[in-house]
Amino acid sequence: MVTKTEETELNQLENQVENGGGGVWEYLCLVRKLKVRRSELVLKHGLSILNDPGKRSALGPDEWTLYEQVAIAAMDCQSLAVAQNCIKVLQKKFPESKRVGKIEALLLEAKGMWEEAEKAYSILLEDNPLDQVIHKRKVAMAKAQGKPSLAIEHLNKYLEVFMADHDAWRELAEIYVSLQMYKQAAFCYEELILSQPTLPLYHLAYAEVLYTIGGHENLIAARKYYASTIDLTGGKSTRALLGICLCGSAIAQLSKGRNKEDKDMAAPELQSLAATALEKEYKQKAPAKLNLLSSALRSLKL
Amino acid sequence: MGGNGELKYEISQNAYIKLVLHSLRHKTAAVNGVLVGRISAKDEGVVEISDSVPLFHSNLALLPPLEISLIMLNNKKLEALSKGKHRSPVMQLCVKDASKNWRVVGTDGGSKLLLKEPSANVVLSDYISSEKWKDVTDFDDHLDDVTKDWLNPGLFN
């Protein structure tokens with residue numbers, strides 16, 4: 001995940017590069033370092049370096065890394081011919097290389113040649129059974145072929161070995177959510193919160209899944225996690241503030257006709273605090289939408 | 001609806017373009033949104049879609065943001081059709097066409113969606129070449145930054 005400062009730096013470089021201000025190599029390196037997906041820009045600007053013999057030789061040994069980066073970006077943009085050319089260059093320079101082998105297999109994937117790609121990856125895995133990237137490609141292929149249950153199977157196996165891979169847990173959670181398997185998604189977020197308890201993103205996601213599952217206890221728990229998100233973000237998370245209001249309303253609805261204890265869980269102060277914070281934010285930043293927000297909040301107050 | 005059961009949908013240019021631009025903005029994810037329209041006064045078997053509101057491009061199946069977005073949608077729209085799944089046949093048809101030939105969506109038997117103004121595709125290609133999709137903001141963007149307006153009021157000016 002990218003921090004705010006990193007994102008600002010990236011955007012600045014991006015603007016600079018797009019407006020002809022130079023800094024292309026710094027930009028490409030930053031994209032590589034942060035592992036973000038900016039394939040169109042990488043393709044465009046990477047190629048401008050590669051196609052210029054002077055600029056290319058100025059890179060020295062980094063030239064090959066650039067070929068690799070551009071090949072992958074090209075595949076992401078479906079410019080398979082460009083990718084193929086880059087790969088050819090790499091193959092010539094590094095024959096028998098496993099790293100190039102991975103990119104070749106990626107090209108097979110990009111072409112939709114799933115069986116061939118599977119075979120290629122299996123061969124690569126024989127020599128290096130603990131290669132995380134290849135394992136993840138298998139998950140990606142399952143997803144791309146519209147086989148989410150297979151993707152889940154692969155991911156679960158992967159996580160048995162690499163249980164500290166947070167991105168994998170997140171990916172698994174998102175696949176579960178897309179299949180409406182909310183309880184399983186909740187489990188993933190629980191793992192993530194356990195390992196990184198101060199990351200508000202996980203608290204927020206967990207709260208949203210709990211709310212989606214529904215039921216009195218889950219709503220109470222969801223509210224707790226919305227509250228912790230607000231705590232961890234210094235009150236800046238609009239989604240969490242709205243979540244508190246939604247939870248309050250849903251809990252109150254469920255509590256109708258229940259005993260007094262449950263009614264006490266309605267915590268109206270929390271809801272009105274959240275509502276006030278939201279109205280303040282909208283007043284400052286989006287005054288045109290303030291009325292809309294207020295009427296939405298009113299409809300939630302029952 | 002009585003009669004022969006199958007509803008036809010006529011989508012206005014702006015609704016259609018917004019929809020496509022939204023999915024172009026988020027090429028690597030599924031998107032969803034709401035189509036807003038009403039039963040045609042002329043023909044009960046036709047629903048006229050007058051506008052579309054782009055909602056989300058991540059975690060489409062989670063309830064809280066969806067509930068908020070639907071509550072915030074203005075009540076003056078006569079009939080709101082929530083068509084999360086509806087979007088995918090449209091998008092698949094357009095996206096799989098890797099060349100920039102946007103076909104009229106009606107060819108997909110499952111969706112029965114017709115373009116009201118056939119020139120919409122021409123306008124759309126223009127917008128695509130000028131990278132207009134960068135200007136589309138959805139409700140997801142709004143939740144991250146409340147200054148962004150998911151109704152995209154200035155999009156077609």
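Which residue of chain B forms a salt bridge with A:Arg239? The partner is B:Asp140, and the closest N and O atoms of the pair are 2.9 Å apart. A salt bridge here is a side-chain nitrogen of Lys or Arg within 4 Å of a carboxyl oxygen of Asp or Glu, and chains A and B have three of them between them.

A word on the ground rules: this is a predicted model, in which local features need pLDDT of at least 70 and side-chain atom pairs count only at pLDDT 80 or more, while totals for chains, interfaces and linings use all residues. Residues are numbered from 1 along each chain as its sequence is written, chains are lettered from A in the order in which they are written, and side-chain values use heavy atoms, without hydrogens or water.

Now take in the whole interface. Contact (heavy atoms within 4.5 Å) links 24 residues of chain A with 22 residues of chain B. Together the two chains bury about 2200 Å², 64% of it on carbon and sulfur atoms; buried area is the accessible area (1.4 Å probe) that two parts lose on being put together, summed over both. A:Arg239 turns up again here: with A:Lys289 and A:Leu292 it supplies 27% of the area that chain A buries against chain B, more than any other three residues.
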